[in-house]
Amino acid sequence: MSLAGRFVVMVPGQPQTYGISKRLPDEERRRLRKVLDAIRPDDAGLIVRTAAAGASAEELERDLNRLKAEWQVIAAAAKRSGKPCLLHREPPLVVRVIREEFNTEYRSIVIDDEVLYNEVRSYVEAIAPELAERVELHVDAPGELPLFERLHIHEQLHKALERKVWLPSGGSLIIERTEALTVIDVNTGKNVGRSNLEETVFQNNLEAAAEVAHQLRLRDIGGIIVIDFIDMEVKRNRDEVVRVLRDALARDKTRTQVFEISELGLVEMTRKRISEGLVESFSEVCPTCAGRGFTVDQSML
């Protein structure tokens, strides 16, 4: 078994296991290896997560010590037990999300349930005391809108389930899921531009590249993805669009691979499929058309 922390994963009983995320730069990997060589336990393996980038020696040691203490509790319970029983389970979903995502880039976490707030606050105090003050309890005042409505969460959720996504300059994305792959079509729409056509298309594609990366994370889209950018004549512009897409995807913790743009403006890429996407989680197949999006006119057959 393995125990996941904020920066490292500890594998008890397998000291030969020792790895550092390949998504980290070589220099950072060397720094982390030097730190961990000094604190690595003799009876357990370690896997360093991408989130460890920039973590101090004190933060890494605190994370590891918490996992070691957790393993001691599990091992002691196993010795006491005379029959099969549950020794350990993954923490609740909310705590797992906090563990995977919460860092200094977030201004706050707002929770409107006091029991959950206390649980999350205690967990953050244990793994990252410097971030504990960013966990806030929200109490609805009389006549005040519920938290999700006040912060427009419902509105954003509805937008994330739509096929069409508007871009800042008036262009749009059309996102279509199929059994084999996901196709994202880029359109200029209302974006008529103020300069020549090539520059208008280029700027629209730059906006689309950044938004595609955002939508892939937001909707948790995995598998094969084909992005149909608007055709650009200048190779330098095509290369820049791919660069912007890759830079935007660099924030994504899920592994991605982006190939070069074709002469037709198509970019093929893959994103590791972790779970069913947002649309699948909030929808069911239409019983009338069985998900095809249309029905056959039987009178024509």
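Is Phe-148 buried, partly exposed or exposed? In this predicted model, Phe-148 has a relative accessibility of 45% and therefore counts as partly exposed. The residue is found in helix α5, which covers residues 147-150, and together with Val-110, Leu-151 and Ile-153 it forms a nonpolar patch on the surface, for which the accessible area comes to about 310 Å² in total.

With regard to the overall layout, the domain assignment of the protein chain gives three stretches, namely domain 1 (3-80), domain 2 (93-137) and domain 3 (162-282). The centres of domain 2 and domain 3, taken over C-alpha atoms, are separated by 32 Å. For residues 50-77, an unreviewed UniProt entry lists a "coiled-coil region"; in the model, this stretch is 75% helix and 0% strand, and its end C-alpha atoms lie 31 Å apart.

The count of salt bridges comes to 20. One of them joins the side chains of Glu-28 and Arg-31, with an N to O distance of 2.7 Å, and both residues lie in helix α1 (residues 26-39), where they are three residues apart, or about one turn of the helix. The two partners are assigned to separate accessibility classes, since Glu-28 counts as buried at 15% relative accessibility, under the limit of 20%, while Arg-31 is partly exposed, with a relative accessible area of 29%. Within helix α8 (residues 235-249), Lys-235 and Asp-239 are four residues apart, again about one turn of the helix, and their side chains meet in a salt bridge of 2.8 Å, N to O; Asp-239 is partly exposed, with a relative accessible area of 33%.

A further salt bridge, of 3.4 Å from N to O, is formed by the side chains of Arg-177 and Glu-280. Because Arg-177 lies in strand β8 (residues 172-177) and Glu-280 in helix α9 (residues 278-281), this pair ties together parts that are 103 residues apart in sequence. Arg-177 is partly exposed, with a relative accessible area of 27%, and Glu-280 likewise counts as partly exposed, at 32% relative accessibility.

As for the cysteines, the count of disulfides comes to zero. Cys-286 is in no disulfide, and the nearest cysteine sulfur, which belongs to Cys-289, is 3.7 Å away, whereas a disulfide would require the two sulfur atoms to be within 2.5 Å. Cys-286 counts as partly exposed at 33% relative accessibility, and Cys-85 is also partly exposed, at 48%.

Definitions and conventions. Residues numbered from 1 in each chain as written. Predicted model: local features only at pLDDT ≥ 70, side-chain atom pairs only at ≥ 80, totals over all residues. Heavy atoms only, no water. Domains from an automatic or database assignment. Buried < 20%, exposed > 50% of the residue type's maximum accessible area, 1.4 Å probe, protein only. Patch = residues over 30% accessible without salt bridge, like charges linked within 9 Å, V, L, I, M, F, W, Y side chains within 5 Å. Areas by Shrake-Rupley, 256 points an atom, 1.4 Å probe, with all protein chains shown as cover. Salt bridge = Lys/Arg side-chain N within 4 Å of Asp/Glu carboxyl O. Helix = DSSP H or I, 4+ residues; strand = E, 2+ residues; numbered from the N terminus. UniProt positions renumbered as here; feature names shortened; annotations may be inferred.
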